[in-house]
Amino acid sequence: MLVAALAVCALALLGAAGWVDRRRAPGEAYTLFLSDFASHAPEAITAFLLFAALYTACAAALRAAASRPVPATARGREPRPTAARLERTTTWLCGRWWRLSALLAVAWAPLLLMQLPGTSNPDFHLAVIEVLGDRATLEYPPFDVYPIAHHLVPDGDVLVSTHHNAFLTWLSGTLMGASLDLTGSFMWAFCLLTGSQAVFTIVAFGRALELLARHAPRTSFRALAVLCAIAGGWPIAMWSLALAKNPLFAAALVWWVAVCIDAVLSSRPVSARRLVGWACLTLVLLCSAKYGVYIVLAQLLLLIVLRRGRRRWAETLTALALPIVITEALLRGLIAGGFVIPNDPMEAKSLQIQSLGLVLQQDPEALTPEERSSLSPIFDPDAMSRDFDPDFVRPLRSSGYIDGAYRWRTVTQEEAAAFDGIWAAVAAREPLLVTDSVIRGAFRFFDPLSRGFDNWPRADADDGIQAVPIDGHHFGDDGRNDAARDALTATTAHVESLPGIRLLLEPSVRVVLVLLLAAAAIAARVRAAWVWALPLILHCGVLIAAPLAASGRYSLGIVYALPVAILALGIEGRGRSPSEAPQPALSAL
């Protein structure tokens, strides 16, 4: 119950912050929820209580549904004809993963066909440039776009970095280069990458739902999960054809979480073939998003506790620990050898940078002379105060083709090491402003009534970087199926303008629902609840730690997980036996 109460309070607080922000005075750039609390206290308290009541009611209803006794059919009663047909249909669908995948492919087919050949974005272009580009001829190399401090960039021609995962960067760039060499065009590799990602997504959902259905026998949960995947699959279908790290990570996370749940609930050993498949899924997670390593590490510790015994520990270590060791050792070796540019530590400090910018924007004299002297080689304090944007950290990090506050060209490792101490001292003096910065960076991810941005992949997302040549050629996804893609974009924009329907598609609504499902499952003591709740909670932590103006793309791991969370809530809870016989571990990997 404590976890559920904390989740409800946190979500209500962020919802109230969004409510107050939307009602700020005309001309007011942004609101400070805590620092200016007195000016909007009645409205904030009212909004908090309303959100808390709504979320408490939802969590209680979900907990009651999870704790409900087994259906009447399990007690020997004849079901109603409609219920019997629904049960037969869901049982047949969930009996084989390919049936679920085929159903999703058919349901998503209109969206997939209209979105062909898929979309790219600047991140994908920069990744390809890292592999195929010539550092000597680039006016603005990728490490200056991100940016990465020059003291971390080795001499020579190396361009590949770990800003985006180096392994995924190498794969994308190598395939695009091979396509150019063999066919004279980038499009063959582009279509291969988008098509394989879409197929992987469809298979991932089919296998995940089939696997969880073995442990969640109730028809209502099965039907609702399948319906959610179909009817709510609009953003998933569109993102499955978008070349970015987030859709690939989200699809892999859905499948991987289901495999972990099955491993905990099944008592039989994992076969060698299934174990290899489990480890491969872990590798996809690690190679698609850098924060995947933290999620896998936390899950590793949890599964060691839940899966006791030497053989089960060995399986867990092979599937989760071994991929981490392999990828980390290989990456560190490549960095040490000068083949890969290491990531700039400042990228992981976006929350600190943004909060320091807010403090300086409110009070340009907030730093002591010593702190200003230590900060100046790292960031321009005057630029931090002048360029602070409450919704974006990019101006402060000099991200993009701009010269912002971050002095990445000249800062040294020793100078950069002073940043944490400066921020800690300022945070101790201005705790309310720092907390306000955290709330401002997070509330749009978790407020169902707020509008985020980048909720859908757009065909024009890469237009600003198409002029940058890749291996002497220019690449873009324009001029192919433009009429259908423009029509889909217009339809999506129209749907987003409809208040009621928009809530069904807004990423923040799905994030809130997933968190409430997790809180209800933990409160109801549903078996293996923490196995799927922990990765998603950590994913939420990533959203808070890296304020990115509520970009829907960065919350896709949680958005994709909604059907899985619904079905996982229906797993037979503690003290009750499943109505079906136990299944072999990882039987549907």
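**View 1. Cysteine 9 and cysteine 540 in a predicted model.** Cysteine 9 is partly exposed, with a relative accessible area of 41%; the partly exposed class lies between buried (under 20% relative accessible area) and exposed (over 50%), computed with a 1.4 Å probe and protein chains only. Cysteine 540, in contrast, counts as buried at 7% relative accessibility. A search of the whole structure returns 0 disulfides, a disulfide being a pair of cysteine sulfur atoms within 2.5 Å. For cysteine 9, the nearest cysteine sulfur is that of cysteine 58, at 15 Å. For cysteine 540, the nearest cysteine sulfur belongs to cysteine 9 and is 16 Å away. The model is predicted, so local features need pLDDT of at least 70 and side-chain atom pairs count only at pLDDT 80 or more, whereas totals for chains, interfaces and linings use all residues. Residues are numbered from 1 along each chain as its sequence is written, and side-chain values use heavy atoms, with hydrogens and water left out.

View 2. Helix α12 comprises the 17 residues 272–288; helices are DSSP runs (H or I, at least four residues), numbered from the N terminus. The buried residues of α12 include Arg274, Trp278, Leu281, Leu285 and Ser288. The buried residues pack against α7 (166–183), α8 (187–213), α11 (245–265), α13 (292–306) and α14 (310–336), with contact defined as heavy atoms within 4.5 Å.

**View 3. Helix α8 along its length.** The 27 residues of α8 reach 39 Å from first C-alpha to last, close to the 39 Å expected at 1.5 Å a residue. This helix is mostly covered, as 21 of its 27 residues are buried.

**View 4. Threonine 91 and arginine 214.** Threonine 91 lies in helix α3 (residues 81–94) and counts as partly exposed at 40% relative accessibility. Threonine 91 and arginine 214 are separated by 123 residues in sequence, yet their C-alpha atoms are 9.7 Å apart in space.

**View 5. A nonpolar surface patch containing valine 3.** Val3, Trp530 and Ile537 form this patch, with about 230 Å² of accessible area together. Patch members have over 30% relative accessible area and no salt bridge, with like charges joined within 9 Å and nonpolar side chains (Val, Leu, Ile, Met, Phe, Trp, Tyr) within 5 Å; a salt bridge places a side-chain nitrogen of Lys or Arg within 4 Å of a carboxyl oxygen of Asp or Glu. Accessible areas come from the Shrake-Rupley method with a 1.4 Å probe, and for residues only the protein chains shown count as cover. Valine 3 is located in helix α1 (residues 2–22) and is partly exposed at 31% relative accessibility.

Key: Helices (H or I, at least four residues) and strands (E, at least two) are DSSP runs, numbered from the N terminus. The expected span of a helix is 1.5 Å times one less than its number of residues.
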